[in-house]
Amino acid sequence: MRGSFSNRIGFIAAAAGSAIGLGNIWKFPYEAGSNGGAAFLVIYVICAFVLCFPIMVSEIAIGRRTQLNPYGAFVMLSGSKSWGFVGVMGVLCGFMILSFYNVVAGWAFGYFLHMIGGDFDVAKDFIGYTTDFWDNLFFSMTFMFVTALIVAGGVQKGIEKWSKIMMPALVLILLFLIGYAFTLDNAMKGVEFYLVPNFSLVTGKTVYTALSQAFFSLSLGMGALITYGSYMNKSENVVSSAAIVTLSDTTVAFLAGLMIFPFVYFQGLQPSAGPGLVFVTLPGVFEHMGAFWGRFVGASFFLLLCFAALTSTISLLEVPVAYMVDEKKWPRKRAVWILATIIFIIGLPSMFSTGAVKWCTEFISYGGSTHDFLSVVSDIFNDTFLPLGGFLISTFAAYKWKTENLSEELAQGNPNYKGSIVEKFLNMMVMFVCPLIIGIVFVITILQKFIGIQIF
């Protein structure tokens, strides 16, 4: 028998957990810091609710209508296996993104253990840390094991149960860290940078980056929300549930910035520190807080990062697991442990990309530069396939499945939906605006990353 969430709260906790991850706590603050702070935040929120929300609703509706994995869902609704490639692409995205996401999650877990031990020196040699084979093997393997253990427990006893525990814990830790950050010297300068917009800093790159960040953060285009939607009860309101998930995701991203920028200004650092902000810059900040508070705050921060990563790795693993359970009739536990093992092995070159193995560090050249293995997987499956998936999903929902069928599904559990302004808005966005804008993002990504034509 196929699993399902026990209630609406279970679905929201799991879907919000899928959306809230490293993209919120790690990537969002450094993207905001590099792209104008408050102005980036405003554009990010607009992109999330105006452009990303309609696609989220479509994905959940497709999953709930079919009660199948992404591949099976597209085949059923289209009546043709040719549309199944969109679902296969989503399954493949979940598979490959998890392979490198688990490596970064392993870094967070390793840092958590180092912070507990008061070892702040790890931050002074991040490359040395990430090239330590045995440590990284242990941390990543442990993280994948915990992910697989939870997914093997099933939808209610595994995914839903632990999402309900980790999401409140994540928020509580985040609020504690914000409260502490506000007591630091120069904290309000960080808040001002983050909350007082200067729209003269906005460029085309700002908008492009904000939309890309929102898309990645909300777990769109990879089949996770179709999969979770397939476990959703027919009596639940898809539109309001998706709105709560979107609000939760943007709220956590907002709070992450509210936490990190006071830390940055306390130490007199640059907010545009880039990807190294969390793993290189912040541990140095924690060290300057003293032995006790440095350990406590540092460990709390990286525990927060671990929870955020884990709720996402769970959903990434569930996508290919659902495919094997539905299409190949594998028992869930068999699917989980075999897939988790394969994904972990595929992720090893990503683990070696920081310098441990030369061919992983200098894997391939395109777009005018040489890229490591982790960057290649991220460029293809995260930066390129996700917007392509979003474009195809909105096109499918509007022109193959048809908006009247989408509206019919969304009206279940929401009797006032048909004829409402929300229906008109969603139909317009799915039919015209989302395919156009996200299609443009896809083309720009191809031109910039793979051909080397810099649009921004």
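Colleague: Where is Met289 found?

Modeller: Happy to start there! This is a predicted model, in which local features need pLDDT of at least 70, side-chain atom pairs count only at pLDDT 80 or more, and totals for chains, interfaces and linings use all residues. Residues are numbered from 1 along each chain as its sequence is written, and side-chain values use heavy atoms, with hydrogens and water left out. Helices (DSSP runs of H or I, at least four residues) and strands (runs of E, at least two) are numbered from the N terminus. Met289 is found in the loop between helix H13 (276-287) and helix H14 (291-327).

Colleague: Is Met289 buried or exposed?

Modeller: Buried means under 20% relative accessible area, exposed means over 50%, and partly exposed lies in between (1.4 Å probe, protein chains only). The relative accessible area of Met289 is 11%. Because that value is under 20%, Met289 is buried.

Colleague: Which residues is Met289 in contact with, leaving aside its neighbours within four places in sequence?

Modeller: Contact means heavy atoms within 4.5 Å. With those neighbours left aside, the partners of Met289 are Tyr180, Leu184, Phe263, Gly294 and Val297.

Colleague: How many Å apart in space are Thr227 and Met76, C-alpha to C-alpha?

Modeller: Thr227 lies in helix H11 (residues 224-229) and is buried, with a relative accessible area of 0%. In sequence, Thr227 and Met76 are 151 residues apart. In space, C-alpha to C-alpha, the two are 14 Å apart.

Colleague: Which helix is Ser140 found in, and which residues does Ser140 touch?

Modeller: Ser140 is found in helix H7 (residues 133-152). There Ser140 is buried, with a relative accessible area of 1%. Not counting residues up to four places away in sequence, Ser140 touches Asn102, Val103, Gly106, Phe344 and Met351.

Colleague: Which residues is Ser378 in contact with, leaving aside neighbours within four places in sequence?

Modeller: Ser378 has its place in helix H18 (residues 373-400). At 15% relative accessibility, Ser378 counts as buried. Leaving aside those neighbours, its contacts are Phe100 and Asp383.

Colleague: What is the radius of gyration of the chain?

Modeller: The chain has 20 helices and two strands. The radius of gyration is taken over C-alpha atoms, and the globule rule is 2.2 Å times the number of residues to the power 0.38. For 456 residues that rule gives 23 Å, and the value for the chain is close to it, so the chain is as compact as a globular protein of that length. The radius of gyration of the chain is 21 Å.

Colleague: What percentage of the residues of the chain count as buried?

Modeller: Along its principal axes, the C-alpha trace spans about 60 × 50 × 45 Å. Among contacts between residues at least 6 apart in sequence, 80% join residues at least 24 apart. Of the 456 residues of the chain, the share that count as buried is 59%.
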